[in-house]
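The sequence and the structure are shown below.

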Amino acid sequence: MHSKMIPTASAVTLSRQDLVAYEPLLKESMGRFIAFKAGHLFFPQCLPVEMQGEDGGYRAAHLSRERKVLVPLLYEGELLGMLVLKGVTLKAPKTTLAGLPRLATSCLEHLHLHKLATSDPLTGLVHRQAFLAEVAKEIDAVRLASRPHVSHGAVTSSLQLPLTPPDAPDASLPACADIEPMAAGIPWRASMGLVAVQLAGLEHIVQRAGHCFAEDALRKAAQALALALPETALPARVEDALFAVFVREATPRLCRDTALAVRQALDALVLPHEVTGCNYRVDVSCGHACFPQDIDGSQAERNPAELARVLLDRARKAALAARDASPERVFAFRQVLEEGGRVSRLLPMHRCIITLGASLGAQEGQRFLVWGKDKPRTAAGGNGLSPLFKGELLIIETSREQSQAEVMHLSDPSWTVEVGDRLTLVKDSRNETTPGAASPSAPARDLLTGLLLYRDFLEHLQNAREAQDVFSLALVRVRPKTADADAAGERFHEHAEQLVAEAASRARELLGSEVVGGRFSLNSCIFFHPGQTAEAALEAHKTLAEHLDRQGVEAAVGVAGYPFLKYRKADVLDNCRKALEYALLLPAPHLGLCDSLALTIHGDKLFSQNDLFNALEEYKLALLADGDNNLARVSLGVCEARLGRLPQAREHFEEAVSRDPNDPKSLYNLGCVCQRLGEAGAARKAFRRCIALDPGHLYAFIRLGQLAEASGAMAQALSWFNKASALNGGHALTRRPLARLYHTMGRLEEARECLHQALSHDPKDAHSLHLLARMYLDAGEDPELAKVLASQSVALMPGHAPFIRELARALDALGRPQDAKDCLAKAQGM
């Protein structure tokens, strides 16, 4: 009855895979009719005799001695499986057992309605709200897996290196991607991704072929999209002409491969019109974004539902940018800033509006090369076309969706910047000294503030710093205390001008005549302190910030000095930006000095962008600046381990422990490295010391259980896992290790129950799926279900040979020997 209300989704039926996916909901529904303590699905090859009715039907069975009830799951005349309920006491067995099959069917109808309710009525894909709910759950799982964090204290809590559960490929810290490539352990999530698929050209199809044909085209596009995806991906229709794909445990590269496969499949889609004979196509562009890679700073701690929508919006923006800027029509979110910008509007005074805003990562001070349309080459240059390099832009003010930029210089005065010109980010931002043409007159000053224009300030700095053995730079960013930072328009610009003018006026009064100031951007200014150390300059700007605070202006100040470590004079401006990043993380007053902690924070930023080698150098410089910075030392060990340098990582962790013996995270990571190096005794000692300092350290208990299991001490391993299970959050994380342990001990029923519980907590747990498939095959039960479970595990971890061999066993049991041989050949080639 209900399916007839949604005719386009009537093909959506329940399958055994749906029962596994909806098992928690099924048990919750059954719990409203009968009380039980535990339950799990069972898919036997044939039903027991006591469950076969006299009329050829099925009935429930009660095993009174074991306090179990076996309930057949019947839907639309088909037996889908069996639900085993444990801890059941029946007061009226005969009456209750007679009604349980019908109650189970009613629960299955509820599941079917739930599946229909979460589907888009036109395409049959998941609709927007259900899709975002699944994404939010995965984001929450990724964040949970990243705790406990390596924190830099309250000051730097928004920049943390994630710790991951210990039995995943990335355990403890990110270091443990190379520390623990174990085949079994704790379910975890390192990252996830969204791919947005934007369709264009549907309006043209509506105008030429009508609305119904356009809807049919959208339906066929959805089918082609679904066929191009792996089993673990979740496609959805989130807007009229926008599809989205949720890819679990995805790296940016995997998201890109998925987007390319989808684009290729939709490019091959031809839509013939029966009446006119015309063939139509849809234009496709794809964008992708990953969590946590494409979420910066404190945004990662926002509500998961909000983050899901932010991530979808970023993938959508990448898809829109890819339509015009990418030959492959596929963009990552971070590529939009690097390659996807365009000039959208020209302004007076050599300024323009560009399509890159703060939501895409644009910041004041970023430089872009401007590329015009292709122009014919000269005779000297040969035949053909070449891109026209026009000049350079500098962002001077950002709003949420667009930025205002200044044309720093033009390569040829005859080729001016035009609307539609393409922008590429200049990644090397150290050499900012690109002065304008030399002028015999005095340097130009900003009319409102009296400060040097940015280009003139850079020219003055380049000349003045050469005569100084000691100098400092201070970067001051101002904003009103109660203003909306994302506000745009002329009033906001005027307001920002007034704030900078007030800051410049106060600076002239407090800093002295020898200090030279420049206009860095619309809401910031920069000051050159000749002959002053960074500490003295910071103290002077503290007074300036206090005066501005009394005027209702919030100031953030970053100060860097020379000499400092091995940095050259030309590097001080870049260090000043690092200090400002640090200052913005601090509570008011926002005063940051380029010191060891600022370098550590910048190293964390590089690490989060997977720029490991530069992060490594930054951590080393942080330690060079302050040998007692244990946070930098731990982070350095993390970087070394991620790069596969486990002996070096161990040295850093041991040094960190020697300097601070009461630091649990240093001990835990030392134990992980020792475990990976095969030094079980040292690892066990480190984990025990970690637990002594932090009795609630869940992962240390689990690691000790793994070490005991590896040494053959099964009873001791069981004790450690049970202790971990009793801790907060430990029950879900210990299901799979316990299942593996029970399986080794020959306690198969308990192993199966733990695996079902593990899959209830994490339906995409590849290791649990693999072990459950192996148990089904070993017991000779339902090879079809074993093949489904093994296929899912291979799809989740395609390069894992043991999973492929188990799939080959299942195929062989199904009478498909050739497919099994192909799988074995693939596994042997790994």
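Strand S22, helix H14 (residues 572-585) and strand S23 form a β-α-β unit that is left-handed; a crossover is called right-handed if, with the strands pointing away from the viewer, the path from the first strand over the helix to the second runs clockwise. Helices (H or I, at least four residues) and strands (E, at least two) are DSSP runs numbered from the N terminus. The model is predicted, with pLDDT of at least 70 needed for local features and 80 or more for side-chain atom pairs, while totals for chains, interfaces and linings use all residues. Residues are numbered from 1 along each chain as its sequence is written, and side-chain values use heavy atoms, without hydrogens and water.

Two strands pair if DSSP finds at least two bridges between them. The table lists two such pairs.

| Strands | Bridges | Direction | Bridge partners |
|---|---|---|---|
| S3 (residues 68-75) and S4 (residues 78-86) | Eight | antiparallel | Pro 72 and Met 82 |

In strand S23 (residues 590-593), His 590 and Gly 592 on one side and Leu 591 and Leu 593 on the other are all buried, that is, under 20% relative accessible area (1.4 Å probe, protein chains only).

An open antiparallel sheet has the strand order S1-S4-S3-S2. Strands S1 (38-42) and S2 (61-63) are at its edges, each with a single partner strand, so one side of each lacks a neighbour in the sheet.

Conventions
Buried means under 20% relative accessible area, exposed over 50%, partly exposed in between (1.4 Å probe, protein chains only).
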